[in-house]
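The following paragraphs lead the reader through selected features of one structure. Please keep the sequence and the coordinates at hand while reading.

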Amino acid sequence: AIHSKVVISSGINAEYGGLVNGVVKLNSGEMTDMFLPRPNLPQKPKAVSLNMLISVVCGKAIQAKEKEVVNSYVIVRMIDSVERLKSEVVWDSHHPVYNCRHIIPFTYTSTFIDRLKDNFVVLEVWNKTGTSDELIGLCKLPTSQFSLSLSGDNLHTWLEEEVPVVAVDGYMPIIDILSNQRCGVLQCVLAVGSHTQLTQLLASKHLPPLVVATKTPAEKPEEVVEIATKTRHMFHVTVNSVQDMDMFEGSSWGSTDCFVTFSLPVSTGSASPELKTFTSAISSAAPHMKFSHKSRGRG
């Protein structure tokens with residue numbers, strides 16, 4: 001048999017022969033195959049930059065609990081992000097016109113598209129009062145349509161279209177998180193597309209074009225970090241009544257006192273809020289008792 005020697009550095013893959021003292025023994029026919037040009041490896045696909053359009057046009061029949069005057073504004077909270085976008089305050093109106101529009105750039109990844117499945121962009125509707133702002137309710141914009149339209153091979157087909165993928169275009173309900181009742185509606189548009197597609201969508205609705213923010217999704221502006229560190233939550237707990245209560249063993253109606261106790265986080269100026277215990281008024285035990293107790297905490 002004819003052998004040839006090729007001196008190589010250590011660590012070579014000895015697929016074509018054995019490595020002996022830094023020398024690979026190759027059969028003559030195998031040398032030709034070794035130096036043939038390798039097939040071109042598939043190139044990594046270029047990143048696709050897209051934009052999400054969030055438009056809050058107006059609200060209708062917005063009601064704030066126990067408030068005759070409504071000075072409302074909207075806060076947009078993005079998916080998996082501390083970033084929030086805020087509209088201007090519309091004073092003394094149950095039918096406010098916000099004309100609040102934002103374009104958020106992001107890079108297409110399968111991970112991000114998967115997050116859009118069964119998820120929402122949350123709009124918080126707040127009432128600005130003289131003391132502290134109060135949450136009127138939440139309006140949730142579903143994003144599942146983006147996951148269906150942009151997953152897999154659908155992306156390249158969809159990019160050839162003239163219009164973007166539209167998940168919401170119309171009136172969406174505002175829900176009071178305590179009573180689960182509707183307290184108004186918001187006219188919204190939620191879409192994802194290229195800059196050209198979104199420009200055409202805005203033109204079709206006779207809305208002025210928007211300039212896409214210059215920052216990329218990977219960047220974290222200082223103001224976003226500041227918002228994250230200063231975010232506070234207000235907790236409102238109302239204990240209205242107790243219905244159909246069973247008496248404890250060994251006790252009788254009217255001879256036992258009943259009350260409700262619970263804990264809420266309360267900010268004390270330190271880094272972390274502390275839990276504070278709240279207790280309702282005492283009532284004589286009965287099958288149906290009314291407390292009408294209200295407490296609030298800020299964390």
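Two residues are said to be in contact when heavy atoms of theirs lie within 4.5 Å. The model discussed here is predicted. With that cut-off, and with neighbours within four places in sequence left aside, serine 147 is in contact with Ile113, Leu116 and Lys117. Serine 147 itself belongs to helix H3, which covers residues 144-150. Its relative accessibility is 10%; because the limit for a buried residue is under 20%, serine 147 counts as buried.

A hairpin may be considered next. Strand S8 (residues 120-127) and strand S9 (residues 134-142) run antiparallel and are joined by eight bridges. Six residues lie between the two strands of this hairpin.

What aromatic pairing does the structure hold? There is one aromatic pair. Its members are phenylalanine 106 and phenylalanine 112, with 4.7 Å from centre to centre and 40 degrees between the planes. Planes under 30 degrees apart would count as stacked and those over 60 as edge-to-face, so the pair of phenylalanine 106 and phenylalanine 112 is classed as tilted. Both phenylalanine 106 and phenylalanine 112 are buried.

The backbone also deserves attention. Aspartate 92 is not a glycine, yet its phi is positive, at about 50 degrees. This aspartate 92 is located in the loop between strand S6 (84-86) and strand S7 (97-107). Is aspartate 92 buried or exposed? With a relative accessible area of 55%, aspartate 92 is exposed, since the exposed class begins over 50%. Asparagine 99, likewise a residue other than glycine, has a positive phi near 50 degrees. Asparagine 99, however, lies in strand S7, and its relative accessible area of 46% makes asparagine 99 partly exposed.

The last feature concerns the surface. Leu135, Ile177 and Leu178 form a nonpolar patch there, and together they have about 280 Å² of accessible area. One of these residues, isoleucine 177, is found in the loop between strand S10 (165-175) and strand S11 (182-193). Isoleucine 177 counts as exposed because its relative accessibility is 54%, and the exposed class starts over 50%.

Definitions and conventions. Residues numbered from 1 in each chain as written. Predicted model: local features only at pLDDT ≥ 70, side-chain atom pairs only at ≥ 80, totals over all residues. Heavy atoms only, no water. Helix = DSSP H or I, 4+ residues; strand = E, 2+ residues; numbered from the N terminus. Buried < 20%, exposed > 50% of the residue type's maximum accessible area, 1.4 Å probe, protein only. Patch = residues over 30% accessible without salt bridge, like charges linked within 9 Å, V, L, I, M, F, W, Y side chains within 5 Å. Areas by Shrake-Rupley, 256 points an atom, 1.4 Å probe, with all protein chains shown as cover. Salt bridge = Lys/Arg side-chain N within 4 Å of Asp/Glu carboxyl O. Pairing = 2+ DSSP bridges. Phe/Tyr/Trp six-rings, centres within 6.5 Å; stacked < 30°, edge-to-face > 60°.
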